Amino acid sequence: MLDSTDWWDHRPVFSTTDKMSRITGLAPGEQPGHVTTRLLVSVLLCFLGWGAVSLLGTSALCGTTSAPSSTCAVDIPGHISAIWFIVAAVVVLYLVLAVTTDLTATARERLGQRRAAALLRSAPLLAGMSVGAFISAATAVAPDPSDVLRRTVHGEIGTESIAVSVVVAVLTGLWCVTVVVRLPSALLHARQRQLTIERLRRDGRRYAGQVKLGRVVIWLGHDPELEVTIAYDSPAGSHQLQARMRTSPDRVPADGSQVVVFDDLRGVVHIELDPEAEPAFEPEARYAPSE
């Protein structure tokens, strides 16, 4: 049995209530996750990193126009060669992407849900982009706001970077608002699902069942999501549950594989592959997405 704390390493993940990125998992033996100090630090670093990328990018664009260097938020010296500028940009972008990737992976592992992790990553990313572009635009119009805005609206030469900065700031800002509005409910949803899984593992009735594979509904990236039927017997009789199963092409359990059904006798169930049954998996090529 896997001893990883990442729920996705224990795929497939089943759900009778959720679909796609809302499907939530909890690694065996793990406690329900929550937003930790480490996650908040990663969120802050992600915000600062993408803010720097946006600020430097719009400042570099400003430096290529005929606008005075004093109106650029960051004055990039003209004697720096293009090669060194590209090298510096690649290094900065690599570091920012590394921080963003770490935030996404950590959030996915702790929250057990891709949707919550994606929103927690997108909020600081978009906020940083918006703030960085806003600073560039504000710096450019500061000397004479009314005149600069008038020239920008009329598309005069030298105002190109201002227009781009404003567009980036507004679009990413609006996008950020929609993400922030959805984030609390996503975090709450993931937390409630993990609490339910923990409760059912601890207090629910345990029944042996079998999974019958259905059609692939969708691929999320290279990972298939299938409609499946779970059949199991309890003292109340035979049951068949319709569920969704998210997994990767190399971990699609063979048709008829053994699963464990946890039932609280109130209509709430949790399903997971039976690790003690040494499950077999379908050939990976059978469930790989077509090119």
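Five bridges, given as 5 in the count, join β5 to strand β6 (residues 269–273), and the two run antiparallel. This is a predicted model, in which local features need pLDDT of at least 70, side-chain atom pairs count only at pLDDT 80 or more, and totals for chains, interfaces and linings use all residues. Residues are numbered from 1 along each chain as its sequence is written, and side-chain values use heavy atoms, with hydrogens and water left out.

Some terms come first. Helices (H or I, at least four residues) and strands (E, at least two) are DSSP runs, numbered from the N terminus. Two strands pair if DSSP finds at least two bridges between them. In general, strands of a sheet pair through backbone hydrogen bonds, either parallel or antiparallel.

Stay with β5 and β6. They form a hairpin, with 5 residues between them. In its turn, L265 has a positive phi of about 65°. D263 stands opposite V269 in β6. Strand β2 (residues 205–220) is also joined to β5, by 6 bridges, and this pair runs antiparallel. Here R206 has F262 of β5 as its bridge partner.

How enclosed is β5? Buried means under 20% relative accessible area, exposed over 50%, and partly exposed in between (1.4 Å probe, protein chains only). In β5 (residues 258–263), 5 of the 6 residues are buried, so the strand is largely enclosed by the rest of the structure.

Now widen the view to the sheet. It is open and holds 6 strands, in the order β1-β4-β3-β2-β5-β6, with antiparallel pairing. β1 (13–15) and β6 stand at the edges with a single partner strand each, so one side of each has no neighbour in the sheet. From one strand to the next, the twist averages 40°. S15 has R244 of β4 as its bridge partner. Helix α5 packs on the sheet and touches β2, β5 and β6. The direction of α5 makes about 80° with that of β6. Such axes are lines fitted to C-alpha atoms, for helices over the stretch in contact, and angles run from 0 to 180 degrees between N-to-C directions.

Step back to the whole chain. The protein has 5 helices and 6 strands. From the N terminus on, they run β-α-α-α-α-α-β-β-β-β-β. Of its 291 residues, 41% count as buried.

Which residues have the most contacts inside the largest nonpolar core? They are A107 and L120, in a core of 19 residues. A nonpolar core is a set of buried Ala, Val, Leu, Ile, Met, Phe, Trp, Tyr and Cys residues joined through side-chain atoms within 4.5 Å. The elements that give two or more residues to this core are α1 (37–63), α2 (82–111), α3 (114–141) and α5 (160–203). α3 gives the most, with 7 residues. Apart from this core lies another, of 17 residues, among them V211, I230, V261 and I271. Contact means heavy atoms within 4.5 Å. Leaving aside its neighbours within four places in sequence, A107 is in contact with L39, G112, A117 and L120.

An unreviewed UniProt entry places the feature "transmembrane region" at residues 39–61, 81–101, 122–142 and 162–183. Such annotations may be inferred rather than shown by experiment. Over residues 122–142, the chain is 95% helix and 0% strand, with end C-alpha atoms 30 Å apart. Over residues 162–183, the chain is 100% helix and 0% strand, with end C-alpha atoms 31 Å apart.
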